[in-house]
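Q: I would like to learn how to read the features of a protein model one at a time. Could we go through them together, with the general idea coming before the case at hand?

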Amino acid sequence: MPIIRSRGLRATFAGAVLVAALQGASAQQQPSGAPTPGSAPAAPAAPATNAAPAATQDRGSALYGRPDSGEAAKLAPVAAPPLPAPVAKLPLDKLKVPAGFKVEIFASGVANARSLRQGDQGTVFAGTRLLDRVYAIRETGDKREVKVIASKLHRPNGLAFHKGALYVAELSKIWRYDDIEAHLDNPPKPVLVYDDLPKDEAHGWKFIAIGPDDKLYVPVGAPGNILMPPDTHAQIRRMNLDGSGVEVVANGVRNTVGFDWNPATKQMWFTDNGRDWMSEDIPEDELNVLGEAGKQHFGFPYCHQGTFTDPEYGWGRSCADFTPPAALLGAHTAALGMRFYTGTQFPEPYRNAIFVARHGSWNRTKKLGGDVVAVKLGPDGKVASVEPFLTGFLEDNRYLGRPVDVLVAKDGSLLVSDDYNGAIYRISHQP
């Protein structure tokens, strides 16, 4: 199916404006190596209330804690190209999936494509982090059209869709666009849902979702690489769909940019990015399970990857006091979006497996990630394996693309966003 961009979108991509927007944005996602399964979580007692960091600490920079000499001093966040890649330049011929699967381009020209959601009528929505816009990709005859449906937003990374409404999370606000699929050409004025969120740029962009309890889940990342977070940070909140009834359901979460619910148990699973600059090989990013809302602490900043106490904040603490990860996802791989596979198109071994997009490391001399892995669960519901699924974005220690989010489409295929190329790929299974 041909891929096109709307006339309005081409105008929006004026070179100078887009280059300035991309180059002027803050550092890339904090990333983390080879996946290894972990143990199932246990619910420990929550630690004492945290105090805010000292005002003199400048810990919001992605480079905070980087060694001043050696190979580490050369490392810096990976800058994406200033413009989305044209179809002919997308690395489709480099991408590899298991036998029986096929990768194709779903949409191109979707600059900085990040979080993905699909509407009831099949419209695919994509948020952004370095730009100010939200996209809609819809079928028009035998083509797909990319439209900008919202703009002038600050880091509108997070999206959720529920009963015809699109929820959009900026850095510090959440909006609702009602009956959006009926008004893609003339979107309605958004309704403010919630604005009691911090404005820290570090780990401030949001991934949001609506759980099986019909509540909106919103994370608030730690406001820096490694610090003692205020009571308002390093947590996951949930609330009613109108923004009322806010409560904290998980603490000690450094930075989650992906979560979903096990269709069998209804438990929430989420990725969490580990701290930087401790070493090239530790800590690993985590895949966690929320067993008891409000009663679990997942370790940050005291314990990392469930086994290693922090050299600054871990003194007098034991990792046994915190909920261990369900699996480890590699050191600095930047594990982001994740979804349980709830479709029927893929073969049985992938039913109810978790697909995780690993954006890829930047603070390792030998990069890791830049792929999608399949996390398969055993009969006991625990992680049995973490396996490569979509690879080929990393070649000769450089990125050809960087996966951000995954989405199980209504037809059972898997969509994967790539903010590096401004593209969305579709993976299908051929019987």
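Q: Where is the place of Pro 283?
A: This is a predicted model, and in it Pro 283 sits in the loop between E17 and E18.

Q: Is His 203, which has a positive phi, buried or exposed?
A: His 203 is not a glycine, yet its phi is positive, about 55°. This residue is found in the loop between E11 and E12, and His 203 counts as buried because its relative accessible area of 3% falls under 20%. Asp 396 also has a positive phi of about 55° without being a glycine, but its place is the loop between strand E26 (394-395) and strand E27 (398-399), and Asp 396 is exposed, with a relative accessible area of 70%.

Q: How many bridges pair strand E6 with E7, and in which sense?
A: Strand E6 (residues 134-140) pairs with E7 in the antiparallel sense, over seven bridges, and Glu 139 of the pairing stands opposite Arg 144 in E7. The two strands form a hairpin with two residues between them, where Gly 141 in the turn has a positive phi of about 70°. Strand E7 (residues 143-150) is itself mostly covered, six of its eight residues being buried.

Q: What does Ile 180 touch, leaving out residues up to four places away in sequence?
A: Ile 180, found in the loop between strand E10 (174-177) and strand E11 (191-194), touches Phe 125, Ile 149, Phe 161, Gly 164, Leu 166, Pro 187 and Pro 188. Its relative accessible area is 0%, so Ile 180 is buried. The C-alpha atoms of Ile 180 and Ala 136 are separated by 9.8 Å, although these residues are 44 residues apart along the chain.

Q: How many residues has the largest nonpolar core, and which have the most contacts inside it?
A: The largest nonpolar core has 23 residues, and those with the most contacts inside it are Phe 346, Phe 355, Val 372, Phe 389, Leu 390, Leu 414 and Ile 427. Among the elements that give two or more residues to this core are strand E3 (101-107), strand E25 (383-390) and strand E30 (423-429). Apart from it lies another core, of 17 residues, including Ala 209 and Leu 336.

Q: What volume has the largest pocket, and what volume the largest cavity?
A: Rolling a probe the size of a water molecule over the atoms shows where empty space is left. The largest pocket has a volume of about 680 Å³, and of the 24 residues that line it, the closest to its centre are Arg 117, Ile 210, Asp 260, Arg 339 and Thr 342. That lining divides into 12 nonpolar, five polar and seven charged residues. The largest cavity has a volume of about 80 Å³ and is lined by 13 residues, with Asp 272, Gly 274, Glu 286, Cys 303 and His 304 nearest its centre. The lining of the cavity divides into three nonpolar, five polar and five charged residues.

Note on methods:
Residues numbered from 1 in each chain as written. Predicted model: local features only at pLDDT ≥ 70, side-chain atom pairs only at ≥ 80, totals over all residues. Heavy atoms only, no water. Buried < 20%, exposed > 50% of the residue type's maximum accessible area, 1.4 Å probe, protein only. Helix = DSSP H or I, 4+ residues; strand = E, 2+ residues; numbered from the N terminus. Pairing = 2+ DSSP bridges. Core = buried A, V, L, I, M, F, W, Y, C linked by side-chain atoms within 4.5 Å. 1 Å grid on protein atoms, 1.4 Å probe; cavity = no way out; pocket = protein on both sides within 12 Å on 5 of 7 lines; lining within 4 Å. Points joined across faces, edges and corners; volume = space filled by probe spheres on them. Nonpolar A, V, L, I, M, F, W, Y, C, P; charged D, E, K, R; others polar. Contact = heavy atoms within 4.5 Å.
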